[in-house]
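Visitor: I have a structure open and want to learn how to read it. Where do we start?

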Amino acid sequence: MDKLFHNGSSFLCYPFRVSWLVNPEPQPYPAQILFSVPKKRYKHAVDRNLVKRLMREAYRLHKQQHLYDILQQADKKIIISVGYVGKQIEPYLFIEKNAEDACPAFR
């Protein structure tokens, strides 16, 4: 993870900050992902867990079509960190749309 944050690339697609790094080591899946929500902004674990659940569900629904297929064609493996930078908890449809918009950035 330390390598990801120091050597990786990143971009902002509100309400997400995405960092990623091509992994030269073998891994079982095309992408390994980490979801994070800052404790500084969301004091209650219930709120942090809700946001992480929403992000994981949006990722689960779109990973094959928008990420795995592209990575398998290019024969690449990546490590991804998705941090939530929004100031409020957005509705699921907003999170899903922006998660889908963030995926083409890996191309």
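**Salt bridge, core and surface**

Guide: Start with a charged pair: the side chains of Glu57 and Arg60 form a salt bridge, 2.7 Å from N to O. Keep in mind that this is a predicted model.

Visitor: How many salt bridges does the structure hold?

Guide: One.

Visitor: Why are Glu57 and Arg60 separated by about one helical turn?

Guide: Because they sit three residues apart in helix H2.

Visitor: Now the interior. What is the general idea?

Guide: In soluble globular proteins, nonpolar side chains tend to be buried together. Here, the largest nonpolar core has 22 residues.

Visitor: Which members touch the most other members?

Guide: Phe16, Ala31, Met55, Leu67 and Tyr84.

Visitor: Which elements each supply at least two residues of this core?

Guide: Four strands do: S1 (9-13), S2 (16-22), S3 (31-36) and S4 (78-84). So do helices H2 (45-74) and H3 (92-102). The largest share comes from H2, with eight residues.

Visitor: Take Met55. What is it in contact with, leaving aside neighbours within four places in sequence?

Guide: Phe16, Phe35, Ser36, Val37, Val82, Tyr84 and Ile95. Two of these names, Phe16 and Tyr84, are also on the list of core members with the most partners.

Visitor: What about a polar side chain? Is Asn98 buried or exposed?

Guide: Asn98 lies in helix H3. Its relative accessible area is 9%, so Asn98 is buried. A polar atom of its side chain lies 2.6 Å from the backbone oxygen of Tyr14.

Visitor: Which residues does Asn98 touch, not counting those up to four places away in sequence?

Guide: Cys13, Tyr14, Pro15 and Phe16.

Visitor: Last topic, the surface. Which residues form a nonpolar patch there?

Guide: Met1, Phe5 and Leu34. Together they have about 300 Å² of accessible area.

Visitor: Where does Met1 lie, and why does it count as exposed?

Guide: Met1 is in the segment before helix H1 (2-7). Met1 counts as exposed because its relative accessibility is 53%, and the cut-off is over 50%.

Definitions and conventions:
Residues are numbered from 1 along each chain as its sequence is written. This is a predicted model: local features need pLDDT of at least 70, side-chain atom pairs count only at pLDDT 80 or more; totals for chains, interfaces and linings use all residues. Side-chain values use heavy atoms; hydrogens and water are left out. Patches are made of residues with over 30% relative accessible area and no salt bridge: like charges are joined within 9 Å, nonpolar side chains (Val, Leu, Ile, Met, Phe, Trp, Tyr) within 5 Å. Accessible areas come from the Shrake-Rupley method with a 1.4 Å probe; for residues, only the protein chains shown count as cover. A salt bridge is a side-chain nitrogen of Lys or Arg within 4 Å of a carboxyl oxygen of Asp or Glu. Buried means under 20% relative accessible area, exposed over 50%, partly exposed in between (1.4 Å probe, protein chains only). A nonpolar core is a set of buried Ala, Val, Leu, Ile, Met, Phe, Trp, Tyr and Cys residues joined through side-chain atoms within 4.5 Å. Contact means heavy atoms within 4.5 Å. A polar contact is a pair of N or O atoms within 3.5 Å; within protein, one must be able to donate a hydrogen and the other to accept it, and residues adjacent in sequence count only if both atoms are side-chain atoms.
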